Amino acid sequence: MHLQVNGEDREIAVAPNRLLLDALREDLGLTGSKRGCDDSSCGCCAVLVDGTPILSCVALAASYERREIITVEGLGSLGELDPVQEGYAEMGGAQCGYCTPGFMIATKALLDRNPNPTMDEIREALSGNLCRCTGYMQIYESVKYAIEKLRAKSAAQVPATR
Amino acid sequence: MTLPAFRVLQPRTVADAVCILGDYGSDAMVIAGGTDVIPNLQMRLFTPRVLVDVKPLHELAEIAFSPRHGLRIGATATLTNILETPLLRKEFPVLAGAIGTVAGPLQRNMGTIGGNLCLETRCRWYNQSHFWRQSLGGCLKKDGNICHVAPGGKFCWAAWSGDSAPALLTLDAELEIASPLGMRRVALCDFYKNDGMDRIALARNELLIAVHVPAHMAGRRGVYHKLRVRDSIDYPLAGVAVSMEVDSAGICKDARVALSAVNPAPMLVKQASESLIGKTWSLELAERVAHAAIQTGKPLTTSGSTPVYRRDMVRVFTRRALEDTWENGHAKA
Amino acid sequence: MAKNINGFNLIGKPMAMTDARAKVTGLGKYADDLSVPGMLIGKILHSPYAHARIRCIDTSQAEALAGVKVTATGEDARNPYGILPIGHDERAFALGKALYIGDNIAAVAATSSEIAEQALDLIRVDYEQLPAWFDPEESMKASSNWINDERPQNVEKEYHHVFGDPDKGFAEADFLAEERYYAGEVNQAAMEPHATLAVWEPDNRLTVHSSTQVPFYLHRTIAAVCEMPMSQIRVIKPLIGGGFGGKSEIIPLEVAACVLAKKSRKPVKITYTREEVFLAHRGRPITIVYLKVGMARSGKITAVQARVIQDGGAYCGYGPVTVLYSGALLGAIYDIANVQYDGFRVLTNKPACGAMRGHGTVNVRFAFESILDQLSHQAGLDPLELRRRNLLKAPCITANSLRVTSYGLPECIERVFERSGWAAKRGKLPYGKGVGVACSHYVSGAANPIIRSNMPHTTVHIKVDRDAAVTVYTGASEIGQGSDTMQVQIVAEVLGVSTGRIRLVAADTELTPIDLGSYSSRVTFMAGNACLNAARDMREQIVAAVARKFGCAAEDFETRDGRISHKEDQSRNLSFDEAVAVALEFHGALTARGTYAPPETARGGKFKGAGVGPSPAYSYSAQVAEVTVDTETGQVRVDKIVAAHDCGKALNPLTVEGQIEGSVYMGFGQALQEDMVWKDGRLMNPSLLEYRIPATKENPEIESIIVESIDPEGPFGAKEAGEGSLAATIPAIANAIFDAVGVRINSIPITPDKILDALREKQKSAAGNKANASKKPVVAGVSR
C-alpha cells in the first residue's frame, strides 16, 4: 500500500491488522510517534491526517491510503523548526519528551484553525493528551510562545505578499 | 498489545456492506472510528475473522439539518464533525453538550456517532486484557459463567457508557438501519435492550445508517450533565440528559429526561415527562422528578465509583439539569 | 554574553534543555524506538494467581511454535537480586512460588510479538494455589503461609525509634490530636512504558539499552543474574520518557530480556504494555498512619508519636528505605525534640512497591500536615502561624541526627502567605471555598549509598582536545528532569565558554564513570558538584598554561566569554581555542576529573536505620491551595496552588519551575483522583483510562515560586528541586477542603463520596447539638 507521510509517498506491505502507529514506527522508521497506553486515552501517538489530529494507535494503516499524514518528524525540519516545536523546546513544554509529539500535533492542529485561542480553548484542545511531567503550565507557555512566534511571522509576511 | 489476525473488507455500497455482514455473521464486526473496537480487539474481547470498514462509505458521513426535515446524522459522521455543524448548539443544545463531553478532541476526531450509539457495554470485570480476564476465569459476558458484579445472578449488568444516546433519547431520535430486506426505522428507545450482554436490537446482518431527530425537536432547551473524575477522557460514571419545550409563560409544554451509565441501556425516565408537562418551575417539582430518576437508574459496581454515589448524583444532576434548562433558561429568555 | 546580576554567565538563567531539539523533532530515541537487525521480541508469562506453588512448567509446545527462538524459566537464571543488599528476594522468573497476580513465570523470544504472545498461551504451568494476603494489617497477623519463609508474620522489616522524651513531651502538651490516616496506592505512570533491548554481541558481550534511572545498578544486577563479569556488559541509557522512581530499581523485563538474549545469542527487545507497567509497579505503597501530636498553648509542638504500616507488596524492593524515610523525614522539617516512630514494612501478595517521587515522605507528610491543621484549629491559631512557631534555626542538627545546612522554609512560608492572599482568605471565604497551607521537605540525595562503601557517589571526567570541544563524561541519568543541561551549564560557566561547546556523554557504563543514578533527587547536588570539581580542574590546567605563556600568575586570569583574559591587562588574552592549543603543548593531554562524596558530618546518627534520611542538604516547600467544594456532589475543584520551593540556587529556573509544577501536579493527582484499586490482589484499573492521572481541564493553575537559600555545599548553592514539593500539595488541598466546608478527610484520594459522607456526618452531629448553625462548626476526624 501507499502512505503519504510528511510529504513523501512511501510504499509498504502491511498486514490488514497493522496499526498506523506500528506502520509508522516499524515499517517506516518514524519512531517519533509514541505508544503510551493501550486504550486510546493518552494521545502520545497523535498524528495529523488531512490536517486533523487522530490517534494512530487505533487506526488501521490500510484505511489511511491516500490520506495526507503528518507526524512529528514532518512538523518542521532541523533547519527550521516549526514555531510549535520551538515553543515546546524553549519554554519547558518538553520535559521527558515522550508525550511531546502528541501534544505538538494537537497544538499544531489548534493553531492552524485558531491562531489566537483563549486559555480555555487551549486546555480543551489538549484535553485528549496526557503529560506526566510538566503539570501542564509550561505546556501552556510553550503554546503561547508558538502563538507569538506565528503572529510575528505572519506580520512579517504581510508586506511581502502585497 | 497485539491485534488478532483478521481481514479488512471495505464495502463499496451499503448493500454490499449488509451482504458481507450477512455472509460472515458472527465472524464479522463493523469498524468505523476504531476508538472502541481496536482496544476491545487488543483485549481479545472479540476475535472476528473480518472487519467491515464502513469509513469509505462517504454517504454515511453526511450531516443534514433543515427546519422542515429535522436533523439527520450519518452513522460515520465523527463526533467532531457533528459538534462543528452550524446551528447544532443552538438547535440541539443537549446533543452538542453531550457529544462535547465524549473523551477528548483526539478521540472525537475519530469516534463516530454510529460507534457511540453502538458502544459495547462496559464493566470493570470485562474491559480488561486477555491475561487479566483469564486469571479470573472470565465473567458472564465473556469466557465465563459468573457475574462478579452480582454473583449468583444470570444477568449481565455491564453499563451502557455512551454520552450521545441519552441526549438523543430526549430528542425522540430514530435510527435508520439497513438490512437485507431494505431500510427500517426504529425508535432509539426501542434500540436498547437493557441487557449487558446483548445490548442493541441490531441483527448481525444489519448496519446502522443514520440517526434522525425530528424537526419539532429543534430549538428545545437542553443540557447534559456527566459524572466523571477527569474533565476529559473518561467514560461517564453517570449521565443525565434533559430537553424541554417551555412556553413564554414558563410552562413546560414537553420534556424528556434520560440517563446514561447507570443501567445496561441508556434510559428515559418515564415518569419525568408526565410530571413536568403543563407545570411551571418549582424546586419541589424538580426534586420530585429527580426522585423518579433514581427509581430508573440502578447502578451496580461496574466502575470505579460506588453505586450509592452514582445514584445520588443522578438525583442531583437531574435536579440541576432541570434548573439549568427551565428556571435559568427561562430567566434568560 | 551579558553578565547577570549574580555574577554568573549561565547559572541562574533559564535555559532550554540540551536535548530539547531531539525531543521536539521526534528524532531522539527512547528504548522502544531502538531496533537492530535480527531482533527478537520478548514476552513475559505472568502468574494468574496471587500466591501459588509452581509444580512444573512445560515450555515444549511453545518452543515448537514456528518463529519461537527461545524460552526461559526460573531455572535459567537462579541467582536472586534486589535493589537493596538486604533484600535479594527477586529472580528473573519465579522459582518455586508465584507471589502476586502478574509475577514473572517464564518468557519467550520470537520473531514477532504476535508469535511471542501465541507462545505464551502454549506454556503449561501447573500451580497449587495457596492462601494469599492482601491487607497489610491482616498480613501482619499471619501465622502460616508466609509470603517469604524468611520473613515471619510477613513483616519485611520494622524499625522503632525514640528521640528525646516523647512521654514528657505529651505530658507538657496543652492540645493533643490523634488520628488514623490512610493513603491509597499510586503508580508513577510515566508516559513511557518500560522497554529494554538486550543485544548479544559477536564477541559474547552483552549490550543493554534500557529505560532505567539506575544504569549502574542494572549493570551490577545483570552481571549477577546472567553470571557474567561486569566487564563483559555494557548498559546504555537512551532517552527516558519519565521515571518518577518507577525505573529506579531493576524491573523484571530488564533481566528477562538479558536472560533471553544470553540464551538465544540474539538481540531481544521487551516492551511492557501499560498493564504490565502497573504489574511491575514499584509505586507508592498503601500507607496507614496512626499519628499523635502534642502541642503547647504557644503553638510549639511538644511530641510526636507515629505508627506507620506500609503495604509493600510481595518483594522487598526499596521497602526498608521507604519506611525509614517516613520516619526520618516525619518531624525533621520542624524543630521537634521528642519523636517516637514505629515503622512496619509488610509483605502482601501484590506487586512490589518502590521509590515513587517523594520517596517515603509523601503519605506521612499528608498525615502530619493534616494533624497540624487540626491542632491549629483546636488552639484557635492560624495554621500558617503554627508552622512559623516550629521552625528550625539552621545550621543545626535535628533530633534524629540530620544535619541541616540551609533552611529556606521560613521564606517559603512568607512568600506563599503573600502570594496566596492568605490573610484575606483563610476562614473568610464563603462556604464551599477555602484555603489550606502545608509544608514539605526532601533530601538532596542520600548521604549513604545503597551499597555501603567509601567510593565516590559520582565521578565526572572532562576531556578537551585539539578541536577545543569540551567533552564531559558523566554517569548521571537524564530522565527528563534536565540533569544533562544542568551539567552542561556548570561546566560552561566554569570554563567561561558557551554551552554549544560542551558535548555531554552520559549514562553509558562503557564510556562514562559511575554515577549511582537518578533517584532521591541526588543528581544536581552530587553530579553537579562532581562536574564543578572536574570543570575547575580543567580550568586550572588551561589557565596554568596560559599564565605561563604570559609569564603571569594563574590567579590573575579569568575565563569568560570564550576567552582566558588577564584581569587587569586586557591585552593579555587568548581565545579558548588558542588557550587549548597552548595547554595541550604544555600538558600533553587535557583530562580532568571530579568526584563527589557526601562529607562524614552529613551521614547521620549511629542507631539502627540511621543511614536512611541523612543527606548533604534538604529542600523545603510551602504551599497554599485554594479550592471550591461542591457540597452537593462532593466534587472538589482546585482553583490554584501557590508553591514556594527552596532549591538552594536555581541553576536553571526554567527546569526548576518545571520540577515544582510537575511535583504539585502529581500531588494533586494523588490527593483527589489517583488510586490503584485492588480486589483480592487483582488490580482493577491497570490502564490510563481507569487510573486517572490528571489531564488539562481539571488540573489546577500552579504558581511556582523559587526560594534560594544558597546551600554552603551545593554546586553554586543548589540543592533538590524535583521531589520535595509533591508532599505539601496533598495536605494543602485537604486542609483547604476543611477551610471550605469544615470536614477533614483523612483518607486519600479524597473522592467526592468521602466528602459527602463526611458532610452528612457533620450535619447529623450538628443536628445533635442544634445550638448553632454557624458556617464552620468544628468537627473531629472522620476516618474512623
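**Close-up 1. Helix α9 of chain C, tucked into the rest of the structure.** In this predicted model, 12 of the 12 residues of α9(C) are buried, so the helix is largely enclosed by the rest of the structure. The helix runs over residues 319–330 and reaches 17 Å from its first C-alpha to its last, close to the 16 Å expected at 1.5 Å a residue. Among its buried residues you can pick out Gly319(C), Pro320(C), Tyr325(C) and Leu330(C). What do the buried residues of α9(C) pack against? Their partners in chain C are the strands β7 (155–163), β14 (301–311), β15 (339–346) and β18 (433–443), along with helix α10 (362–379).

**Close-up 2. Helix α10 meets helix α18 in chain C.** Here α10(C) shows up again, this time with α18 (residues 726–741) of chain C; their axes come within 8 Å and cross at roughly 35 degrees. The crossing is right-handed. On the α10(C) side, look for Val362(C), Arg365(C), Phe366(C), Glu369(C), Ser370(C) and Asp373(C). They meet a set of α18(C) residues including Leu726(C), Ile730(C), Pro731(C) and Phe738(C). Sorted by class, this contact has 9 nonpolar, 2 polar and 3 charged residues.

**Close-up 3. Helices α14 and α15 of chain C, side by side.** The axes of α14 (residues 483–495) and α15 (residues 523–550) of chain C come within 9 Å and cross at roughly 30 degrees. Angles under 35 degrees count as roughly parallel, and α14(C) and α15(C) are therefore roughly parallel to each other. Their crossing is right-handed. From α14(C), the contact draws on residues including Met486(C), Ile490(C) and Val494(C); from α15(C), Ala527(C), Cys531(C) and Arg539(C) are among those taking part. The residues of this contact split into 11 nonpolar, 4 polar and 2 charged.

**Close-up 4. Two cis peptide bonds in chain C.** Most residues other than glycine have a negative phi, and most peptide bonds are trans. One cis bond joins Ala394(C) to Pro395(C), with omega about -5 degrees. Pro395(C) sits in the loop between α11 (383–388) and β16 (396–397) of chain C. Another cis bond links Ile748(C) and Pro749(C), with omega about 0 degrees. You'll find Pro749(C) in the loop between β31 (747–748) and α19 of chain C.

Close-up 5. Ala468(C) has a phi near 60 degrees, a positive value in a residue other than glycine. Its place is the loop between β19 (458–464) and β20 (470–474) of chain C. Is Ala468(C) buried, exposed or partly exposed? With 19 C-beta neighbours inside 10 Å, Ala468(C) counts as partly exposed. Phi of Ser520(C), also positive, is near 45 degrees. Ser520(C) belongs to the loop between β21 (502–506) and α15 of chain C, and with 28 C-beta neighbours inside 10 Å it counts as buried.

Close-up 6. Let's start with chain A: 39 of its residues are in contact with 41 residues of chain C. On the chain A side, α2 (83–90), α3 (100–113) and α5 (137–161) each supply at least two residues, and the largest share, 4 residues, comes from α2(A). By class, that side has 19 nonpolar, 14 polar and 6 charged residues. Now for chain B: 23 residues of chain C are in contact with 20 residues of chain B. Helices α3 (113–122) and α19 (752–768) of chain C each give at least two residues to this side, with the largest share, 3 residues, coming from α3(C). The chain C side that touches chain B has 7 nonpolar, 6 polar and 10 charged residues.

Note on methods:
Residues numbered from 1 in each chain as written. Chains lettered and ligands numbered in written order. Predicted model: local features only at pLDDT ≥ 70, side-chain atom pairs only at ≥ 80, totals over all residues. Contact = placed C-beta atoms within 7 Å. Nonpolar A, V, L, I, M, F, W, Y, C, P; charged D, E, K, R; others polar. Axes fitted to C-alpha atoms, helices over the stretch in contact; angles between N-to-C directions. Parallel < 35°, antiparallel > 145°, perpendicular 65-115°, else oblique. Left-handed = near helix turned anticlockwise from the far one by under 90°. Expected span 1.5 Å × (residues − 1). Buried ≥ 20, exposed ≤ 12 C-beta atoms within 10 Å, placed from the backbone.
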